[in-house]
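Morning, everyone. Please bring up the model on your screens, and we will walk through it together.

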Number of protein chains: 2
Amino acid sequence: MSKANHTDCSSAMLPVRDALDVISGKWKLIILISISSGNHRFREIERSIGKINSKVLAKELKDLEEHKLIKRTVYDESPVFVEYTTTPYATTLGKVIKELRDWGLNHRKEIIGK
Amino acid sequence: MSKANHTDCSSAMLPVRDALDVISGKWKLIILISISSGNHRFREIERSIGKINSKVLAKELKDLEEHKLIKRTVYDESPVFVEYTTTPYATTLGKVIKELRDWGLNHRKEIIGK
DNA sequence: CTGTATCCACGAGGATACTG
DNA sequence: CAGTATCCTCGTGGATACAG
């Protein structure tokens, strides 16, 4: 953690809060990982996560769409189907997810695994 | 976001969940930033954040201590006082916080600021 | 100053069933 | 398949007061 003096403390807190508002919560990043891993259909995503239920998934997908992180496309063929894809903007979260993943791996070794 | 195939999807999700369990929530990282910015006393931290209240702060500090991210030291002078400091382990979160901060700054420009 | 004690509101998240 | 509709639990977070 970089040291900072008292005055620029809030200048660090605000953007972190902004970021957390988007990605915090139990499922947001998990869903993004699932979609970017090749799951594009509602039931696919649901199954890949396992413990989430339809209502919660639907809500989270809406949130992610509002934040421009995923795109929902309805294909009007028959049968109609819906596809979720990550947006180019979502790729900007790549480094965040990588760091979280690395840290999570290490944390499990260091703390949880004791 | 790095592409991954279906099979290693959960191998990415689990550590991210571990990380989020620790740092997610409204205040955890904010408190860490405050402490590492030079606020070491309970009321200092409270004031630097502004909108948090004593009960919530006390609980979050306990959580952070359990996760070995901060250290609580009681100085038995008179008057007695308590000091919170970040642990060396907390510095491993540095990159995570940096990425979150950078992303949050950009996100505000890109999305919120529209 | 450093918290605890109450009491409380609200929303996230969940179980189950159901619709088009 | 892609969601909605209900109903519910529980934790987070908060207001206010107070204790050591």
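Lys68(A) sits in the loop between H4 and E1 of chain A. Helices (H or I, at least four residues) and strands (E, at least two) are DSSP runs, numbered from the N terminus. Phi of Lys68(A) is near 65 degrees, a positive value in a residue other than glycine. Lys68(A) has a relative accessible area of 48%, so it counts as partly exposed. Here is the scale: buried means under 20% relative accessible area, exposed over 50%, and partly exposed in between, with a 1.4 Å probe and protein chains only.

A word on what you are looking at. This is a predicted model, where local features need pLDDT of at least 70, side-chain atom pairs count only at pLDDT 80 or more, and totals for chains, interfaces and linings use all residues. Residues are numbered from 1 along each chain as its sequence is written, chains are lettered from A and ligands numbered from 1 in the order in which they are written, and side-chain values use heavy atoms, leaving out hydrogens and water.

Now chain B. Lys68(B) is in the loop between H4 and strand E1 (70-75) of chain B. Its phi is near 65 degrees, again positive in a residue other than glycine. Lys68(B) is partly exposed, at 49% relative accessibility.

Back to chain A for one more loop. Pro79(A) lies between strand E1 (70-75) and E2. A cis peptide bond joins Ser78(A) to Pro79(A), with omega about 5 degrees.

How are chain A and chain B related? A rotation of 180 degrees, with 0.0 Å of shift along its axis, superposes chain A on chain B with an RMSD of 0.1 Å. The two copies are therefore related as by a two-fold rotation axis. In chain A, the C-alpha nearest that axis belongs to Ser24(A), at 2.9 Å. The superposition is by least squares on the C-alpha atoms of residues with pLDDT of at least 70 in both copies.

Look at the partner serine. Ser24(B) is in the loop between helix H1 (9-23) and H2 of chain B. Ser24(B) is buried, at 14% relative accessibility. Leaving aside neighbours within four places in sequence, Ser24(B) is in contact (heavy atoms within 4.5 Å) with Ser24(A) and Gly25(A). The side chains of Ser24(B) and Ser24(A) make a polar contact of 2.6 Å. A polar contact is a pair of N or O atoms within 3.5 Å; within protein, one must be able to donate a hydrogen and the other to accept it, and residues adjacent in sequence count only if both atoms are side-chain atoms. As for the interface, 100% of the interface residues of chain A are also interface residues in chain B, so the copies meet through the same surface.

Next, the inside. Which residues touch the most other members of the largest nonpolar core? They are Ile31(A) and Ile31(B), in a core of 62 residues. Such a core is a set of buried Ala, Val, Leu, Ile, Met, Phe, Trp, Tyr and Cys residues joined through side-chain atoms within 4.5 Å. In soluble globular proteins, nonpolar side chains tend to be buried together. Ile31(B) belongs to helix H2 of chain B. Ile31(B) is buried, at 0% relative accessibility. Not counting residues up to four places away in sequence, Ile31(B) touches several residues, including Ile45(B), Leu57(B) and Leu61(B). Ile31(B) and Leu61(B) are 30 residues apart in sequence, yet 8.0 Å apart in space, C-alpha to C-alpha.

Last, the DNA. DNA strand D is surrounded by 19 residues; Arg41(A), Arg72(A) and Lys55(B) are among the closest. Near means that a heavy atom of the residue lies within 4 Å. A polar side-chain atom of Arg41(A) is 2.6 Å from a phosphate oxygen of DNA strand D. For Arg72(A), the distance from a side-chain N or O atom to a phosphate oxygen of DNA strand D is 2.3 Å.

DNA strand C has 18 residues around it, with Lys55(A), Arg41(B) and Arg72(B) among the closest. Of the DNA strand C atoms within 4 Å of the protein, 52% belong to sugar or phosphate and the rest to bases. Trp27(A) places a polar side-chain atom 2.9 Å from a phosphate oxygen of DNA strand C. For a side-chain N or O atom of Arg72(B), the distance to a phosphate oxygen of DNA strand C is 2.3 Å. Thanks, everyone.
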